[in-house]
Amino acid sequence: VVAVVASLAFVAVAGADTDDENYLKLINASGLGCGQGPFSCPTGDSDMIQIGRAICRQLTHGNSSLAVSQAIIRQKPGVQPDMVVRLVAAAKTAYCPT
């Protein structure tokens, strides 16, 4: 699995669209939004949007939810696995085509 969180610096987000708004609502409701969860957001919500989009890219490139979750846990030691599972589920719901 490609480094999910490390690749986030190279992703540009133009502006919040419906998918972004849905994702932010999902992660905020799960206690994972900026200032709530273990992920830093130096530039605000766009940081979490980048993470969500990177997760979906990994999923659509054939990686399982479990593999993506494990990659995030390896990169963010100390993050509770249940938080990562909720983050991956929110990204999948908001960004990944069904």
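**Helix by helix: core, disulfides and salt bridges**

Ser69 lies in helix H3; helices here are DSSP runs of H or I with at least four residues, strands are runs of E with at least two, and both are numbered from the N terminus. The model is predicted, so local features need pLDDT of at least 70 and side-chain atom pairs count only at pLDDT 80 or more, while totals for chains, interfaces and linings use all residues. Residues are numbered from 1 along each chain as its sequence is written, and side-chain values use heavy atoms, with hydrogens and water left out.

Ser69 counts as buried, at 8% relative accessibility. The term buried means under 20% relative accessible area, exposed means over 50%, and partly exposed covers what is in between (1.4 Å probe, protein chains only). The side chain of Ser69 reaches the backbone oxygen of Ser65 at 2.9 Å. Apart from residues up to four places away in sequence, Ser69 touches Val84, Val85 and Val88, where contact means heavy atoms within 4.5 Å.

The next topic is the nonpolar core, a set of buried Ala, Val, Leu, Ile, Met, Phe, Trp, Tyr and Cys residues joined through side-chain atoms within 4.5 Å. The largest one has 23 residues, and those with the most contacts inside it are Tyr23, Ile27, Met48, Ile55 and Leu87. At least two of its residues come from each of helix H1 (18-29), helix H2 (45-60), helix H3 (65-75) and helix H4 (81-95). H4 gives the largest share of this core, seven residues.

With neighbours within four places in sequence set aside, the contacts of Met48 are Tyr23, Ile27, Leu32, Cys34, Phe39, Cys41 and Leu87. Met48 and Leu87 are 39 residues apart along the chain, and their C-alpha atoms are separated by 9.7 Å.

Two of those contacts, Cys34 and Cys41, form a disulfide with sulfur atoms 2.4 Å apart. A disulfide is a pair of cysteine sulfur atoms within 2.5 Å, and the structure holds two. The torsion about the S-S bond of Cys34 and Cys41 is about -95°, so this disulfide is left-handed. Cys34 is partly exposed, at a relative accessible area of 28%.

The other disulfide joins Cys56 to Cys96, with an S to S distance of 2.3 Å. This pair links distant parts of the chain, 40 residues apart: Cys56 is in helix H2 and Cys96 in the segment after H4. Cys56 counts as buried at 7% relative accessibility, and Cys96 is buried with a relative accessible area of 11%. With bonded cysteines counted along the chain, the disulfide pattern is 1-2, 3-4.

Charged pairs come last. A salt bridge is a side-chain nitrogen of Lys or Arg within 4 Å of a carboxyl oxygen of Asp or Glu, and by this rule there are two. In one, the side chains of Asp20 and Arg53 meet at 2.8 Å, N to O. Asp20 lies in helix H1 and Arg53 in helix H2, so the pair ties together parts that are 33 residues apart in sequence. Asp20 is buried at 0% relative accessibility, whereas Arg53 is partly exposed at 22%.

A salt bridge also joins the side chains of Arg86 and Asp82 (3.2 Å, N to O). These two residues are separated by about one helical turn because they are four residues apart in helix H4. Arg86 is partly exposed at 31% relative accessibility, and Asp82 is partly exposed with a relative accessible area of 43%.

Notes: A polar contact is a pair of N or O atoms within 3.5 Å; within protein, one must be able to donate a hydrogen and the other to accept it, and residues adjacent in sequence count only if both atoms are side-chain atoms.
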